Amino acid sequence: MKMPRLSVLIMLAAIALPAAAAPTAAELAAKMREARLTPGFEARFQAVNLAPDGQRSTPIKAAVVGQFDATRRRLVLRGIAPEAIRDEIRAVEYRVDGCSRAADGNGPADPFAPLFGTRLVAWDMLAPWWDWSRQSLAGADRVAGRECVLVRSRADDRDTPPIREVLSCIDADAGISLRTQLFDSHGALVRDITVVTTMRKESGLLAARKVTVAVSDKRTEVETYSGDEHYEVPVGAFAKLEGQATTCR
Amino acid sequence: MTLFEFALHNLRQRPARSLLTAMAVALGVAAAVALTGIASGFEASWQKANDARGTDLIVTRLASTNAMPSPFRAEPLQNQLRGYPKVRDVVGLLSEMLSVDASAPPLFVFGWTHDSYLWQHLKLVAGRWPANADEPVVVIGVVTAELLHKKVGDMLEIEGRRMPVVGVFESSAAIENGAVLMTLDQAQQTTDKPGKVNVLNVKLDPAATTTDVDAIKARIRVEMPGFIAITSGELVGQNTVVRIAKAMSNATTLIASLVGILIVFNTMLMSVNERTREIGILLALGWHRRTVIQLVCGEAALLTLAGGIAGVLVGVGLTWQLEHLDLLRGKIDANFPLSFLLMMPILAMLVGVCGGLYPAMKASRLAPSHALRQE
């Protein structure tokens, strides 16, 4: 009688162990938050808008400086080329308590407004949904040949923000979301951000090198061409945000 | 008629098949030659650029396996390195791949410490060098000048900054000829990396021995965590692009060899099957089985040798064409060592012998009485 009992125990353990090892959605969200922490980075990217007929716009070049810590994430973006967007500034901040603020060269700005005529949105770059408390697993998928876990993040509040739900396909070990789909309060897809190519950071984690941002049938291809993982953020880099009103959820 | 003449005669009897087989082999060899030449040239050009500058050691980040090592603050390391024995000079270099013209592909933009030894190997073709570290000007390589249709006095827009071209230079390294050069200070300003470099070039005393070099490398490993000191050859060997290019050329050579063996195998098997009666007569006339093997393998070797020679010529020609494409000008400086070019037809011939071996054995095992009954 002892042997069958032992077998049953081993079988149960074999079933139970992998289940126990699988991380929860909240743990995955925490991993994603941790992967994004940085005392400072600088990157330059080129964005090209693609019309539904495939026509490509003039390349838009911009620089971004960022600082992500445990309490807040800040970005300042500066247009480089063409001439029309040169030195156009957009600064945005998101605090983990749910408050955010944004500014441009003239004063307060909308963090959800597209950047430099592309389909890129500064708010998306801060990925605030990893701080939302409602996280759930939604299965698994494969993006660009890589296995990823689907995590559904739901906004806590009904009033803000305009993005109510985000479905991310993440490779948590690599610290990257391979596809991020943002939905509005009606459940309609607002933007789809898909990673095309990646690059390895010094930490061994991955970062997106090339992404596609799709809004209905229009797309923007964004490619990072230069970067500094150890950027020393100058004092006053986020000065544009000073004095701006914060919006809290 | 010698065996060689007999084999040649047999190939001429089926000109279309012989030509097609030789062409297929030639294509495989051409692809392998072109890719290997480009990979080897890319490696040689990077090394030539580093060697021409007179750099003995390169200090860079440990994880720098990318085409461009990530930038770091130069000053603390520079000061420390200057205190090392046998170190004569330590100069910073910042390099980026940037698009400087909407119609042209991205170019290497180098920032070199003004008045450092790095500039000494360059030959000024027109104009002048930057007058001081703070002068916001660029000098461009001859290939860049041709590619962008720029000359001294023209303006170049780099990362939103308009900078005048004050000189055109020529270098022994193709990579530098296809680059834009400015002072390190200007490159740091342009790319918003103040005080940063992605490589420190160390020049040693001419009296420094390999033991001294090894000692410096070991000391850097201990005293500068996260950094590595390597020779230009080692840096090039670690470069991801060089590694990928080499892996691709090796894979192409392997695939071309396997395809070549199969093609020759098929051709010679068909040939032997069609010539069963002829081989039977030869065996009945007293030919040794070994001679029949030599004949069939000889035919296969001749076919692939011809394909190999043609492939080498096509491969070199193809690479020359690629070098002169606007998109790739200045980025490809193919290198074909003579030993490699001579080896390829020999490799092709070996492929031929391998592919012809089974059909040859099959032919030699024919019983003359049975073979003579075949129509």
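**Exercise 1. Find how much area chain B and chain A bury between them, and which residues of chain B lose the most.**

Step 1. Chain B and chain A bury about 1,400 Å² between them, 33% of it on carbon and sulfur atoms. Buried area here is the accessible area (1.4 Å probe) that two parts lose on being put together, summed over both.

Step 2. On the chain B side, B:Glu159, B:Asp192 and B:Lys196 lose the most area to chain A, together 32% of what that side buries.

Before you go on: this is a predicted model, in which local features need pLDDT of at least 70 and side-chain atom pairs pLDDT 80 or more, while totals for chains, interfaces and linings use all residues. Residues are numbered from 1 along each chain as its sequence is written, chains are lettered from A in the order in which they are written, and side-chain values use heavy atoms, without hydrogens and water.

**Exercise 2. Describe the contacts and charges across this interface.**

Step 1. Count the residues: 18 of chain B are in contact (heavy atoms within 4.5 Å) with 16 of chain A.

Step 2. Look for salt bridges (a side-chain nitrogen of Lys or Arg within 4 Å of a carboxyl oxygen of Asp or Glu). The rule finds seven across the interface. One of the residues from Exercise 1, B:Lys196, forms a salt bridge with A:Asp228, with the closest N and O atoms 2.8 Å apart.

Step 3. Sort the chain B side by type: four nonpolar, six polar and eight charged residues. Ala, Val, Leu, Ile, Met, Phe, Trp, Tyr, Cys and Pro count as nonpolar, Asp, Glu, Lys and Arg as charged, and the others, Gly among them, as polar.

**Exercise 3. Work out the surroundings of B:Thr55.**

Step 1. Locate B:Thr55 in the loop between α2 (15-52) and β1 (57-61) of chain B. Helices (H or I, at least four residues) and strands (E, at least two) are DSSP runs, numbered from the N terminus.

Step 2. Is B:Thr55 buried or exposed? B:Thr55 counts as buried because its relative accessibility is 7%, and buried means under 20% relative accessible area, exposed over 50%, partly exposed in between (1.4 Å probe, protein chains only).

Step 3. List partners beyond four places in sequence: B:Asn50, B:Tyr117, B:Leu118, B:Asn201 and B:Val202 are in contact with B:Thr55.

Step 4. Pick out polar contacts (a pair of N or O atoms within 3.5 Å; within protein, one must be able to donate a hydrogen and the other to accept it, and residues adjacent in sequence count only if both atoms are side-chain atoms). The side chain of B:Thr55 makes one with the side chain of B:Tyr117 at 3.1 Å and another with that of B:Asn201 at 3.0 Å.
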